Amino acid sequence: MNGNAVATGVEQSRERVRDWFSRTAPLVEWSEMVSPLGVLYLAQSGAGLCRLTFGGTEDDFRALLPSRAKSRRNPDSLREARKQLDAYFGGRQVRFRLPVDLGEMTRFQQRVLRRASAIPAGELRSYGEIAREVGSPRASRAVGQALGRNPVPVVVPCHRVVGSDGKLTGYSGARGIESKRWLLRLEGAPVEAAARV
Amino acid sequence: MVRFETLIELHHDELYFYLRRMTHGSTSDAADLTQETWLRAWQAFDRLRPGSNARAWLYRIATNCALNALRKGRREYPWQEDADLPDEARLPHEQLEDSEDLELVLEEISALPPRQRAAVLLRYGHELRYAELASALKCSEASARANVSLGVRRLRRELEAK
């Protein structure tokens with residue numbers, strides 16, 4: 001008896017399961033880039049950009065990838081997304097033209113995030129306004145929760161949604177309201193007025 | 001929500017060793033049952049609620065796979081000492097320092113009825129708590145305790161007789 005034979009059995013089984021998983025699971029590729037908000041991790045599925053995080057670790061980011069997906073780091077992937085984000089952070093572009101995969105969100109959450117995507121840079125909307133625009137005028141709180149679960153902040157600009165009194169009430173990205181304020185200032189939104197209210 | 005890929009990385013090996021012990025040390029049966037376990041887990045993954053105990057859930061699926069296979073008689077055969085190798089390093093419960101004693105215990109565990117075998121292995125080999133064990137065996141906590149207790153009593157009796 002020797003230890004190698006034990007290792008071989010379990011290793012072969014592990015490889016077999018991994019192979020099966022690779023053939024079965026949808027592939028998600030991810031990459032990272034440096035941004036003024038810190039290291040920014042982004043991932044794409046076959047349907048589009050599915051996750052963007054900043055201010056956290058790689059492990060934090062990977063834990064958020066679609067639950068059934070096989071993830072693979074590919075530094076060459078997501079070039080267009082990285083290019084547009086670079087332009088955005090450089091103040092040269094304020095509207096993203098990227099396919100976004102919101103497949104893990106509920107239909108209501110998808111409606112809210114698509115509505116948020118339509119807010120022009122430099123403008124603000126309240127949670128109540130978004131609730132009315134998606135046909136659920138009394139669902140301000142649910143709108144806030146949907147925005148809080150935005151898997152691709154910055155690209156889907158949930159930071160452009162503020163409290164009805166203009167206050168920056170919350171932000172799911174790293175460093176919370178500080179990041180939200182930074183993004184709104186970058187876009188030239190009336191954030192100082194809003195913050196004073 | 002836990003990721004399936006992460007579950008494979010975290011739990012594949014322990015499930016394999018558990019299934020191998022359940023099938024009397026056969027690597028090929030263990031590999032087949034391990035594959036079957038992951039396939040079933042994949043199919044049922046949407047029903048795994050966020051925050052629930054994924055490890056116990058996986059052991060439940062693995063136990064079902066093993067008990068089904070044993071029930072069908074496909075994999076029920078006497079302990080074969082040379083069929084494969086013991087997994088000393090994978091059995092943290094073993095307080096036995098003498099590997100011959102360990103061998104003897106593993107042999108007797110393999111001779112237990114399947115459900116008691118699963119209960120003893122999961123409780124002492126894989127250190128599942130009784131609540132997790134109940135979930136894995138799909139029974140009440142009292143029944144899980146009873147299975148462990150019966151298994152241990154039988155083990156002790158057999159070992160004392162040797």
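I started with helix 6 of chain B, which is mostly covered, with six of its eight residues buried. For my own record, buried means 20 or more other C-beta atoms within 10 Å of a residue's own, exposed means 12 or fewer, and partly exposed lies in between, with C-beta atoms placed from the backbone. Helices here are DSSP runs of H or I with at least four residues, strands are runs of E with at least two, and both are numbered from the N terminus.

A note on the source: this is a predicted model, where local features need pLDDT of at least 70 and side-chain atom pairs count only at pLDDT 80 or more, while totals for chains, interfaces and linings use all residues. Residues are numbered from 1 along each chain as its sequence is written, with chains lettered from A and ligands numbered from 1 in the order in which they are written.

**Around helix 6**

I listed the buried residues of helix 6 of chain B: E132(B), L133(B), A134(B), S135(B), A136(B) and L137(B). What do they pack against? I found helix 3, helix 5 and helix 7 (141-160) of chain B. Contact here means C-beta atoms, placed from the backbone, within 7 Å.

Next I looked at the pair of helix 5 (residues 114-125) and helix 6 (residues 130-137) of chain B, whose axes come within 10 Å and cross at roughly 145 degrees. Axes are lines fitted to C-alpha atoms, for helices over the stretch in contact, and angles run from 0 to 180 degrees between N-to-C directions. On the helix 5 side of chain B I see A118(B), A119(B), L122(B) and R123(B), which meet L133(B), A136(B) and L137(B) of helix 6. By class, that contact has six nonpolar, no polar and one charged residues. My classes: Ala, Val, Leu, Ile, Met, Phe, Trp, Tyr, Cys and Pro are nonpolar, Asp, Glu, Lys and Arg are charged, and the others, Gly among them, are polar.

**Chain B as a whole**

I counted seven helices and zero strands in chain B. Of its 162 residues, 44% count as buried. Residues 24 or more positions apart account for 66% of the contacts in chain B with a separation of 6 or more.

Is S52(B) buried or exposed? S52(B) is exposed, because 12 other C-beta atoms lie within 10 Å. I place S52(B) in the loop between helix 2 and helix 3 (54-71) of chain B.

**Meeting chain A**

I then checked the two chains together: 21 residues of chain B are in contact with 21 residues of chain A. Helix 1 (4-22) and helix 2 (27-44) of chain B each supply at least two residues of the side that touches chain A. That side of chain B divides into 12 nonpolar, four polar and five charged residues.

**Over in chain A**

In chain A, four strands form an open sheet in the order 3-2-1-4, and the pairing is mixed. Strands pair if DSSP finds at least two bridges between them. Strand 3 (48-54) and strand 4 (70-73) of chain A stand at the edges, each with a single partner strand, so one side of each has no neighbour in the sheet. I also noted L42(A) opposite L52(A) in strand 3 of chain A.
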